[in-house]
Amino acid sequence: MTATTSQRLGRLGLLLLLCGQMLPLIDVSIINVALNTISASLNASQIELELLMSVYSLALALTLAFGGRSGDRFGRRRMLNVGVALFGLASLFCGLATNIPWLLTGRFLQGVAGGLIIPQVLATIHVSLSGRAHSNAIGIFGAVIGLSFLIGQILGGWIIAADIAGSGWRGIFLVNVPVCLLVLLLGPRFIPQTRSGQPAGFDVSGTLLLALAIAAILSPLAIGPLLNWPRWCFVLMLIGFALLPLFFQLERRKEQQGRWPLIPPSLMQTGSVRFGLVLALFFFTYVSGMMFCLALSFQMGLGMTAQQSGDAFIACGIAFFVASYVSARITARLGLLNTLLFGCVLTLLGLVWLPLALAAIWPQPDAAQLIGSTALLGFGQALVLGSFFRIGLSQVPAEQAGSASAVLSTAQQICLCFGPAFYGLVVHQMGLTEGLLVGLTAAFRLQLVAIAALAFATLVYIRLQRRAATGAV
């Protein structure tokens, strides 16, 4: 038996899972609109503000693989509850912070909690549902990821502007506490307890080696732009990439010896997982970079306030929601891979339109002129994002669901961290000599190339799948 389940996952259980999923994802972006008020309140430097964002993503990426393995072994609902409880406490800790070290500690604990939560959500869906219900749930799961980033931008601006009980920026953290309590109270009743039927032990050496590699890669990305990319940043990144082959060699040896590797190399041989990693590289690097560039456009270029900047994402969010709602019907008509390709085409059109719309209004704040391009981007991105986990997990056996979801989520987080650093560097270098609009346009063109590359990779994968199916017949 590959998995055990104590009850069926119903609609309310799925809703609670998705609430848990949204908690760590919203907090990736919600802090963006609060940086100015945090700086004024706690006298934070630019480097400290950057660390508030990067330390969260770093802790999240470091914990995901461990979280997936823990859920497989101890039960996914149990580890979800541990993660949600820790996230609620860490959010309260952040909301009460009186200095930057205090707030940084809370953000790190939030990231650790998020790494425990995210793998349990996807793995529970994967092993508890089947057929159309499974496909719909995975599509909603992917949609929640994108909506969470948009909601974070919008909700953060509203909370700060409302200044409830004089909480100011603290409200963006304190709002998590009642949501965590709701999930903890209702989760045991409506979320099934699932675990692997053949739970693996913990891979301590593999976990530590992967953590070192990820930290060496992501840390320079977080602080390099602020320090004008000193040489040691590149050296540290090279060390991180050099550790990855050593990690996989260690994992391969453990699997051959019948031990329990953190990420089984046999899992990496699964075609859907490998294509999922390619999709993550191109898409999540693009989408985080695009959100970063839009934030620069709205606040630095067009002079919008935090709330105005958040509101400018509403059209994108509505289009994303609509696309997510109809994605199951689109997928049923076109097929999963063709839906991914269709999403790439719409995103490409949006990336052609967006720089033209920005140039037409620059430097006057007129978000209405951007509705068409941002809505098209939102619709296309929803279709791509909704396909990511469905494709990545499509060939994964149930007993490896936790490990596979952790692999895909870790790749997602690494690419989300890389996007703002890479595209931000392009904007900075081009903007120094030719102006911010020129730098932003160059970044959007590079993002267009990334999505075009993803569309080409999808065509290649479709052809390989058809060839494999023909060969099987």
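Ile125 is in contact (heavy atoms within 4.5 Å) with Leu9, Leu14, Leu17, His134, Ala137, Ile138 and Phe141, residues up to four places away in sequence being left out of the count. The structure is a predicted model, in which local features need pLDDT of at least 70 and side-chain atom pairs count only at pLDDT 80 or more, whereas totals for chains, interfaces and linings use all residues. Residues are numbered from 1 along each chain as its sequence is written, and side-chain values use heavy atoms, with hydrogens and water left out.

The pLDDT (the predictor's confidence in each residue, from 0 to 100) averages 82 over the protein, and 91% of the residues score at least 70. Confidence is lowest in strand β1 (residues 3-5), at a mean of 49, and highest in helix α4 (residues 76-95), at 95; helices (H or I, at least four residues) and strands (E, at least two) are DSSP runs numbered from the N terminus.

A nonpolar core is taken as a set of buried Ala, Val, Leu, Ile, Met, Phe, Trp, Tyr and Cys residues joined through side-chain atoms within 4.5 Å, buried meaning under 20% relative accessible area with a 1.4 Å probe and protein chains only. Of the 116 residues in the largest such core, Ile125, Leu279, Phe283, Phe284 and Phe444 touch the most other members. Helix α12 (residues 271-301) supplies the largest share of this core, 13 residues. Another core, of 20 residues, lies apart from it and includes Ile26, Ile31, Leu103 and Ile159.

Ser373, in helix α16 (residues 371-392), is buried, with a relative accessible area of 0%. A polar atom of the Ser373 side chain lies 3.1 Å from the backbone oxygen of Leu370, and Ser373 also touches Gly350, Trp353, Leu354 and Ala357, again not counting residues up to four places away in sequence.

Terms used: Buried < 20%, exposed > 50% of the residue type's maximum accessible area, 1.4 Å probe, protein only. Polar contact = N/O pair within 3.5 Å; in protein donor to acceptor, adjacent residues only side chain to side chain.
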